[in-house]
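Me: I'd like to get to know this protein by asking about it bit by bit. Can you walk me through it?

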Amino acid sequence: SSARKMMSWIVPIDEGGKGGYRLFCKGAQEVVVGRCSEVVGEDGLATPFTDSMRDDVSAKALAYTRRGMRCLGLAYRDLPAGFDLELLSSTVKNSDGSDAFEAETNLICLAIIGIEDPLRPEVPEAIRKCYNAGIDVRLVTGDNPETAVSIAYQAGILRDEHFLGSERVASNLKANVMMQGKEFRSIVQPNGQFDQQSFDDVWPHLRVLARSSPDDKLTLAHGLNQSDLYTNEEACRRLLDNDNIIIFPDRQVVAMTGDGTNDAPALKRADIGFAMGVAGTQIAKDAADIILLDDNFASIVTAAKWGRNIYASIQKFLQFQLTVNISAVVTALVGASAYQTSPLAAIQLLWVNLLMDSLASLALASEPPVDALLLRPPVNRTQHMITKRMWVNMIGQAIYQIVVVMVLLFEGPTLLDITAGHRVDGASVHYTLIFNSFVWMQLFNEVNCRNLHGECNVFAGIQNNPLFCGILVVTSGLQAIIVELGSVAFRVDDNGLDAKFWGLSLLLGFGSLPWQQVINVAYRMFFA
């Protein structure tokens with residue numbers, strides 16, 4: 001078991017008719033070899049296990065573990081018939097402090113073996129992406145310290161700055177960067193009770209927890225969930241200055257992976273539990289929030305990227321929708337106040353609403369995730385979904401649209417030599433031009449709303465989203481049909497619009513694109 005760090009099985013033997021049993025044992029090499037009093041020599045016979053032999057075995061085991069191998073010891077013992085298999089030893093203890101079985105003492109050492117479980121090639125790159133995304137990765141394992149450190153260094157969990165010397169071994173790590181489960185429990189549970197302050201002193205430094213038990217995972221998930229270290233500005237500043245450790249300025253969001261039945265409590269306690277779909281037990285899968293079908297750590301990065309993409313898609317839609325709402329409401333209110341009628345008819349607003357709520361949401365929600373999402377820091381739990389930059393974008397675009405509509409509404413008849421819409425009984429070229437220009441400004445601004453952080457190239461990656469392009473083409477075509485053929489049904493002029501007015505509408509709509517660049521510059525100058 002994980003508590004004893006070894007296992008044994010017994011088979012009956014009948015050599016010379018004497019009967020009896022043979023016990024075979026495997027486990028952590030330091031545990032199994034420590035219980036051996038003899039060793040099988042080159043001639044196949046058992047000889048006394050001398051101190052020099054033990055030193056040779058320990059050196060070989062250390063070499064294996066520093067290469068990232070899991071080192072196991074193999075041993076056996078012959079037991080006479082009638083031996084009490086339940087008899088406990090008064091001198092030998094198990095790893096968890098309980099009395100060992102007498103049958104598992106005075107063993108004969110057969111061999112030590114190093115088992116390598118190489119990292120998947122994509123794991124180091126996935127962990128690097130996690131760090132760039134503000135996701136901190138810790139290794140919790142039952143392996144011994146040297147094996148755990150070797151694997152963690154290969155994966156990128158441990159980096160050069162975590163070591164004091166040039167040799168990348170456990171003894172050269174800085175304080176608290178690597179701990180064993182027993183040491184960890186003695187610090188965070190000094191009297192058998194969890195101590196949050198002691199935990200907060202340790203967890204910012206901890207990268208690797210070796211020789212851990214399933215309960216240690218639960219302790220980690222609980223402690224990180226409860227930690228309010230981020231409220232201690234002095235401690236956060238000290239960690240940054242002395243150790244270059246950045247504490248996320250909000251409660252920690254904990255994700256935990258596991259595959260065994262004993263991992264279920266930790267998976268349940270974490271904010272997000274990842275269970276292994278191939279190697280995981282059913283109990284672990286039931287306790288988890290997400291099941292990795294390929295048991296691949298890189299899939300966690302993919303899940304994080306898609307999660308951020310969903311959040312960004314909601315923000316994009318809100319940015320677009322609220323911009324339309326602001327400009328449409330102001331247009332309707334000003335028109336009704338000035339001329340007792342809105343320049344945008346009810347049926348036209350219904351079309352704008354369909355464009356805004358259904359087609360635009362589908363287009364903006366279909367943006368595929370990009371790696372740039374993993375270069376941004378995580379979003380605080382307390383952060384508003386509508387950010388300051390989004391407000392600037394929305395208000396800036398709304399100002400442009402309102403100014404255009406107001407100029408067309410009040411000065412359009414004079415500038416364009418057309419009859420004012422409020423003087424015409426029914427549909428008019430004037431109000432049709434306003435409606436067409438308003439919709440085209442929304443369509444071009446839909447392209448702007450694909451970006452949330454002031455990117456200069458608003459068309460970047462648009463070719464990777466055929467659904468967005470298709471919806472943009474379809475809505476543009478439908479708008480042209482409505483203006484030219486909508487007539488009474490959509491309260492547009494029976495003859496549609498002339499080419500010059502179409503050119504003006506498209507020009508005013510296109511103006512949303514350079515205007516967004518002006519907004520970006522203004523934000524960097526006055527709000528960043």
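Me: Is Asp160 buried, partly exposed or exposed?
Reply: Bear in mind that this is a predicted model. Asp160 has a relative accessibility of 42%. Buried means under 20% and exposed means over 50%, with partly exposed in between, so Asp160 counts as partly exposed.

Me: Which residue does the side chain of Asp160 meet in a salt bridge?
Reply: We want a side-chain nitrogen of Lys or Arg within 4 Å of a carboxyl oxygen. Here the N to O distance is 3.3 Å. The salt-bridge partner of Asp160 is Arg168.

Me: How many salt bridges does the structure hold?
Reply: The pair Arg168 and Asp160 is joined by a salt bridge, and so are Asp271 and Arg251. Counting over the structure, the number is 22.

Me: How far apart in sequence are the parts that Asp271 and Arg251 tie together?
Reply: These two form a salt bridge, with their closest N and O atoms 3.6 Å apart. Asp271 sits in the loop between helix 9 and strand 13, while Arg251 is in the loop between helix 8 and strand 12, so the pair links parts separated in sequence by 20 residues.

Me: Which residue at 41% relative accessibility meets Asp271 in a salt bridge?
Reply: Asp271 itself is partly exposed, at 28%. In this salt bridge the N to O distance is 3.5 Å. The partner lies in the loop between helix 12 and helix 13, so the pair ties together parts that are 110 residues apart in sequence. With a relative accessible area of 41%, the partner is partly exposed, and its name is Arg381.

Me: Over to the strands: in what order do the three strands of the open sheet come?
Reply: Strand 9 (139–140) and strand 10 (178–180) are the edge strands, each pairing on one side only. Strand 9 is joined to strand 11 (residues 208–210) by two bridges, and these strands run parallel. That gives the order 9-11-10.

Me: Which residue of strand 11 is the bridge partner of Val140?
Reply: Strand 9 and strand 11 are joined by two bridges. The strand 11 partner of Val140 is Leu209.

Me: What angle does the direction of helix 5 make with that of strand 10?
Reply: Helix 5 (residues 181–188) packs on the sheet, where it touches strand 10 and strand 11. Its direction and that of strand 10 make an angle of about 90 degrees.

Me: Is helix 17 roughly parallel or roughly antiparallel to helix 18?
Reply: Helix 17 (residues 499–510) and helix 18 (residues 512–526) have axes 5 Å apart and pack at about 20 degrees. Angles under 35 degrees count as roughly parallel. That is why helix 17 is, relative to helix 18, roughly parallel.

Me: How many residues of the contact of helix 17 with helix 18 are nonpolar?
Reply: Helix 17 brings Leu508, Gly509 and Phe510, and helix 18 brings Ser512, Leu513 and Pro514. Two of the contact residues are polar and none is charged, which leaves the nonpolar ones at four.

Me: Is Thr432 buried or exposed?
Reply: Thr432 belongs to helix 15 (residues 429–448). Residues it touches include Val483, Arg491 and Leu497. Its relative accessibility is 0%, so Thr432 counts as buried.

Definitions and conventions. Residues are numbered from 1 along each chain as its sequence is written. This is a predicted model: local features need pLDDT of at least 70, side-chain atom pairs count only at pLDDT 80 or more; totals for chains, interfaces and linings use all residues. Side-chain values use heavy atoms; hydrogens and water are left out. Axes are lines fitted to C-alpha atoms, for helices over the stretch in contact, and angles run from 0 to 180 degrees between N-to-C directions. Helices (H or I, at least four residues) and strands (E, at least two) are DSSP runs, numbered from the N terminus. Angles under 35 degrees count as roughly parallel, over 145 as roughly antiparallel, 65 to 115 as roughly perpendicular and the rest as oblique. Contact means heavy atoms within 4.5 Å. Ala, Val, Leu, Ile, Met, Phe, Trp, Tyr, Cys and Pro count as nonpolar, Asp, Glu, Lys and Arg as charged, and the others, Gly among them, as polar. Two strands pair if DSSP finds at least two bridges between them. Buried means under 20% relative accessible area, exposed over 50%, partly exposed in between (1.4 Å probe, protein chains only). Lists of a residue's contacts leave out its neighbours within four places in sequence.
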